Amino acid sequence: MTSEEIRPATAADVPAVKAVTDAAYRRYIERIGVVPVPMEADHAADVAAGKVFVTGDPVVGLVVVETRADHLILDSIAVHPDAHGTGVGRRLLHFVEARARALGLSEVRLYTHAMMWENQKLYPKFGYEVVERRGDGPYDRVHYRKRRD
């Protein structure tokens with residue numbers, strides 16, 4: 001695999017998926033006051049279900065996506081802090097949008113915690129628009145969508 005390739009995760013990738021996810025989200029625990037949902041995900045089940053795609057050798061980034069009838073949900077995107085600023089996140093976002101197109105879906109949806117303000121600056125730069133802000137238990141979430149032309 002080249003460093004640019006994004007591929008479906010395999011069972012052998014589960015430890016790396018957990019490690020990258022934890023490394024990417026750990027910094028938010030103190031800020032938001034709870035453990036971010038992606039850190040508590042059942043990574044093995046998500047990989048087995050075909051929801052996880054990884055990049056890098058070793059893995060430095062990943063996305064978790066869920067296909068719905070009329071849209072794709074970007075459930076989680078994680079880039080190891082050592083790979084920040086190298087374009088991994090951008091490539092992963094483009095991959096998600098290409099996957100939605102390939103599946104014939106006209107929209108990608110995602111949400112982020114309201115206190116993850118870096119994400120609220122990032123997603124609009126990639127064409128995502130805020131749909132709503134709502135609470136979900138202890139999580140204050142900002143929901144986004146991107147419709148394809």
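Over the ring of which residue does the charged end of arginine 31 sit?

1. The charged end of arginine 31 lies over the ring of tryptophan 117, at 3.7 Å from the ring centre. A charge is taken to sit over a ring if NZ of Lys or CZ of Arg is within 6 Å of the ring centre and within 35 degrees of the ring normal.

2. On the basis of the note: the model is predicted, local features need pLDDT of at least 70, side-chain atom pairs count only at pLDDT 80 or more, and totals for chains, interfaces and linings use all residues. Residues are numbered from 1 along each chain as its sequence is written, and side-chain values use heavy atoms, with hydrogens and water left out.

3. Helices (H or I, at least four residues) and strands (E, at least two) are DSSP runs, numbered from the N terminus. From β2, Val52 and Val54 point one way, while Phe53 and Thr55 point the other way, and all are buried. Buried here means under 20% relative accessible area, exposed over 50%, and partly exposed in between (1.4 Å probe, protein chains only).

4. Two strands pair if DSSP finds at least two bridges between them. β2 pairs with strand β1 (residues 6-8) in the antiparallel sense, over three bridges, and arginine 7 is found opposite valine 54 of β2. β2 also runs antiparallel to strand β3 (residues 61-67), to which four bridges join it. Within β3, valine 63 is the bridge partner of phenylalanine 53.

5. The hairpin of β2 and β3 has five residues between the strands, and glycine 56 there takes a positive phi near 100°. Proline 58 is placed in the loop between β2 and β3. The peptide bond that joins aspartate 57 and proline 58 is cis, with omega about 10°.

6. How many aromatic pairs are there? The count is four, where rings of Phe, Tyr and Trp (its six-membered ring) pair if their centres lie within 6.5 Å; planes under 30 degrees apart count as stacked, over 60 as edge-to-face and the rest as tilted. One of them, phenylalanine 53 with phenylalanine 95, is tilted, at 5.0 Å centre to centre and 50° between the planes. Phenylalanine 53 and phenylalanine 95 are both buried.

7. The ring centres of tyrosine 123 and tyrosine 128 are 5.9 Å apart and the planes stand at 65°, so this pair is edge-to-face. Tyrosine 123 and tyrosine 128 are both buried. Tyr123, Tyr128 and Tyr144 make up one aromatic cluster.

8. Valine 17 is part of helix α1 and counts as buried, at 1% relative accessibility. Between valine 17 and valine 54 there are 37 residues of separation in sequence and 7.9 Å in space, C-alpha to C-alpha.

9. The pockets come next. On a 1 Å grid over the protein atoms alone, a pocket is an open set of points with protein on both sides within 12 Å along at least five of seven lines, and lining residues have an atom within 4 Å of a point. The largest pocket has a volume of about 830 Å³, and Tyr25, Ile77, Ala78, Asn119 and Tyr123 are the closest to its centre among the 41 residues that line it. Strand β4 (residues 72-79) supplies the largest share of this lining, six residues.

10. The second largest pocket has a volume of about 280 Å³. Its lining comprises 15 residues, with Ile73, Arg109, Tyr111, Arg134 and His143 nearest its centre. At least two lining residues come from each of β4, β5 (107-113), β6 (129-136) and β7 (139-147), and β5 gives the most, with four.

11. β6 and β7 pair in the antiparallel sense over seven bridges, and valine 142 in β7 is the bridge partner of arginine 133. Their hairpin has two residues between the strands, and glycine 137 takes a positive phi near 60°.

Notes. On a 1 Å grid over the protein atoms alone, a cavity is a set of points where a 1.4 Å probe fits but cannot get out, and a pocket is an open set with protein on both sides within 12 Å along at least five of seven lines; lining residues have an atom within 4 Å of a point. Grid points are joined across faces, edges and corners, and a volume is the space filled by probe spheres set on the points.
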